[in-house]
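Please read it with the coordinates open.

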Amino acid sequence: MTVNLTLLTVMGALYACGIYLILERSLTRVLLGLMLLANATNLLILATGGYAGMAPFFSKDTDPASYSDPLPQALILTSIVISFAVTAFMLGIIYRTWLLARQDDIQDDIEDRRVAETPSFDAEDDAVIPVETSEFPLPMRGSDSSAAPESTATVEAGGRTLLAEHAAQEEKPGSGNSAPVTDTGVNTEKGTDTDGGAK
Amino acid sequence: MNLASLAPLAVVLPILGAALTFLLIRHSRAQRAVSIALLSLTLLLECLLLASVWNGGTAAVNIGGWVPPWGIVLVVDQFSSLMLVVSSAVSLAVLVYATGQGMADGDQDAPVSIFHPTYLILVAGVSNAFLSGDLFNLYVGFEILLTASYVLMTLGGTGPRIRAGVTYVVVSVVSSVLFLIAIAMVYGATGTINMADLAIKLSELDQGTKTLLHVMLLVAFGIKAAVFPLSFWLPDSYPTAPAPVTAVFAGLLTKVGVYAMVRTETLLFPGDSLNTPLMVVALLTMVVGILGALAQSDIKRLLSFTLVSHIGYMVFGLAMSSVAGLAAAVFYVAHHITIQTSLFLVTGLIERRGGSSSVDRLAGLAKLSPLLALLFFVPAMNLAGIPPFSGFLGKLGLMQAGIGLGTPLAYALVIGGVLTSLLTLLAVARVWNRAFWRKAEDAEHPDPVLLAVPVPEGGATAVRLLPRTMVGSTLGLVVLGVALTLFAGPLFRVADQSAAAMLDRSAYIQAVLGDGTPVPAAALSGGGK
């Protein structure tokens, strides 16, 4: 079987451009890529029919061996009709995307993004169980996030900025820190992550 | 007259229905009546076809009187007619459901007049793909059903549906192009596209060419069947479509891909050359799919992932290329079409009753609507493979075949299958616990509908929330799923016979090409007992 080198080269170029284009995010380019792929495939089907010969079934005295194969042409005809329908539909979709989102790009799936960003934390399984379960709750850390919000107050001490709690620890006798601490300008700004575990 | 010569009507009747409903586009009542009547007629016809081959046998119909291998041929055997009956029964139930939904919603938010013709064309495409005995006609069947599915997927043209539709269309078109390239190369290599003729001529090719063609066809069908590395488009695009559309897509479209894979593996490329990669892929499909399902909180997305996961079971059965494995796969396909579709239909009902399909917003449905709870519970347990149901029988058949095969990979797949089954149970049990079992007050963001004062039975609101036609058609499908359990004996017998016939190939080839056609021996090396 001999094949037409020009057709093969064109087919290869169409496939290459088509694959390049469908990898874009722009829908119009994707559509163009799909059209190129469909046409490249039509050329491939044509190439499977072998060399170009006489018109088949034209006259009775032609040698059957010199006919060109009619079946690939019938296949191509069907394939052209199908790719025509798909192209028309894609154009409709692209126009609708433009109307709705004013852009020609593939949109992200919001629910998928949400699931991807959800931590492995499960609200029911991993719920924070209060350490202190007596009916006279103590205002201690971890017993209830609303009873004792974690202090984020800071103090300036000896040129350093410390959390107020840590500074109080260093104030205790025997902490090995004898530097005088002057409570200057306690920052009373509250952090916003006090309810971090209750999401 | 031979009953099988009526086979083309299974394709022609839905197309005729599509034409009629298109003419009746302004008369929605007549449109509904015509589409339901014609689909029922198709189902009846297909039941006759199944009855004619119930005890074995293969019949071929030459379209337009062209003798194969030149003309297009439709082949009716046990597998194709069983698929036809199950798919038509499921599509009829979904059509009734969609009609009920359309009537309840007053046909306002979607151009439902387009729905009926498109839906019937989809059914025609599915029937054509199941019956086709010609590779290019199979491609045309795929294109008919895909083009119809593009329209159904983007019905109404809302933002999310267009977004999902773009992904779906592009992936489908790429897979179709791959399929067409494979057909062109098959034709270039053998000079025929008749599947029975190919079965003879492909075996004369050298091993390298054969493997190339085999892999190309499997990749093209694998995208359509959503087999693991090619499955990412499915959970992305299915959940946004309207409930009945998702249901019919989940039930039918992937199974058409599986059907094509079965035909490729048994008829065109018998032997076990690609069995090991197929088994690995089956294992990954099962495990990765179900892990995806566990991460979801939206029921539709969760079910889409279980759909992907359970395709793995069918590929597993197929990859064993033994009678027992293939028979279990055939049974599993029939079971899974019914169960997955009914679960999606129930999810549509849950969405109507509870206002949402996210388990974070659902609660207390078991108390609000015990019937809905029952409708969810039975197919959910069936999907997970809890003993009395058909899901258990199908999985048991696969496990037995896998242990019968006895290779380490088969054992790995058996373990993976059991694990997937348990994880499926975990996934659906989480839906059950949250949406049905817990109290509405316990939900994080309960939908206001759930906290409303319960309406008395038969009250006006209850009727509006769950229309009787929708509940009825869902109930019908659930009952069909249970019936698959009750009649599992005869069904397994048919599946066994069809698997044996598919692996033997001679019945198929001789039915198409005439008696006395020499059938090349299948190069089976082990597992083909």
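The points below go from conventions to chain A, the interface, and then chain B.

1. **Conventions.** This is a predicted model, in which local features need pLDDT of at least 70, side-chain atom pairs count only at pLDDT 80 or more, and totals for chains, interfaces and linings use all residues. Residues are numbered from 1 along each chain as its sequence is written, while chains are lettered from A and ligands numbered from 1 in the order in which they are written.

2. **Chain A, overall.** Chain A has five helices and three strands. Helices (H or I, at least four residues) and strands (E, at least two) are DSSP runs, numbered from the N terminus. Their order along the sequence is α-α-α-α-β-β-α-β. Chain A has 199 residues, and 16% of them count as buried. Buried means 20 or more other C-beta atoms within 10 Å of the residue's own; exposed means 12 or fewer; partly exposed lies in between, with C-beta atoms placed from the backbone. Take the contacts in chain A between residues at least 6 apart in sequence: 50% of these join residues at least 24 apart. A contact is a pair of residues whose C-beta atoms, placed from the backbone, lie within 7 Å.

3. **The A–B interface.** Here 31 residues of chain A are in contact with 28 residues of chain B. On the chain A side, the elements giving two or more residues are α2 (27-48), α3 (70-101) and α4 (110-117). The largest share, 14 residues, comes from α3(A). By class, this side has 21 nonpolar, six polar and four charged residues. Ala, Val, Leu, Ile, Met, Phe, Trp, Tyr, Cys and Pro count as nonpolar, Asp, Glu, Lys and Arg as charged, and the others, Gly among them, as polar.

4. **α2 and α3 of chain B.** The axes of α2(B) (residues 28-52) and α3(B) (residues 78-104) come within 9 Å and cross at roughly 160°. Axes are lines fitted to C-alpha atoms, for helices over the stretch in contact, and angles run from 0 to 180 degrees between N-to-C directions. The two helices are therefore roughly antiparallel. Angles over 145 degrees count as roughly antiparallel, under 35 as roughly parallel, 65 to 115 as roughly perpendicular and the rest as oblique. The crossing of α2(B) and α3(B) is left-handed. That term applies if the near helix is turned anticlockwise from the far one by less than a right angle; clockwise is right-handed. The residues of this contact divide into 13 nonpolar, seven polar and two charged.

5. **I36(B).** This residue sits in helix α2 of chain B. Is I36(B) buried or partly exposed? I36(B) is partly exposed, with 16 other C-beta atoms within 10 Å. Leaving aside neighbours within four places in sequence, I36(B) is in contact with L95(B), V96(B) and T99(B).

6. **α8 and α10 of chain B.** α8(B) (residues 207-225) and α10(B) (residues 243-268) have axes that come within 7 Å and cross at roughly 155°. They are therefore roughly antiparallel. Their crossing is left-handed. By class, the contact has eight nonpolar, three polar and one charged residues. Among the α8(B) residues involved are L217(B), L218(B) and F221(B).

7. **α13 and α16 of chain B.** Here the axes are 9 Å apart and the angle is about 160°. α13(B) and α16(B) are therefore roughly antiparallel. This crossing is left-handed. The contact residues divide into eight nonpolar, eight polar and no charged. Residues on the α16(B) side include G391(B), G394(B), G397(B) and G404(B).

8. **α15 of chain B.** Helix α15(B) (residues 370-384) has 15 residues and reaches 21 Å from first C-alpha to last, close to the 21 Å expected at 1.5 Å a residue. The expected span is 1.5 Å times one less than the number of residues. Its buried residues include L372(B), F376(B), P379(B) and N382(B). The buried residues of α15(B) pack against α12, α13, α14, α16, α17 and α20 of chain B. G385(B) follows the helix, with a positive phi near 85°.

9. **E444(B).** E444(B) lies in the loop between α17 (408-437) and α18 (448-451) of chain B. E444(B) counts as exposed because it has 12 C-beta neighbours inside 10 Å.

Definitions and conventions: Two residues are in contact if their C-beta atoms, placed from the backbone, lie within 7 Å.
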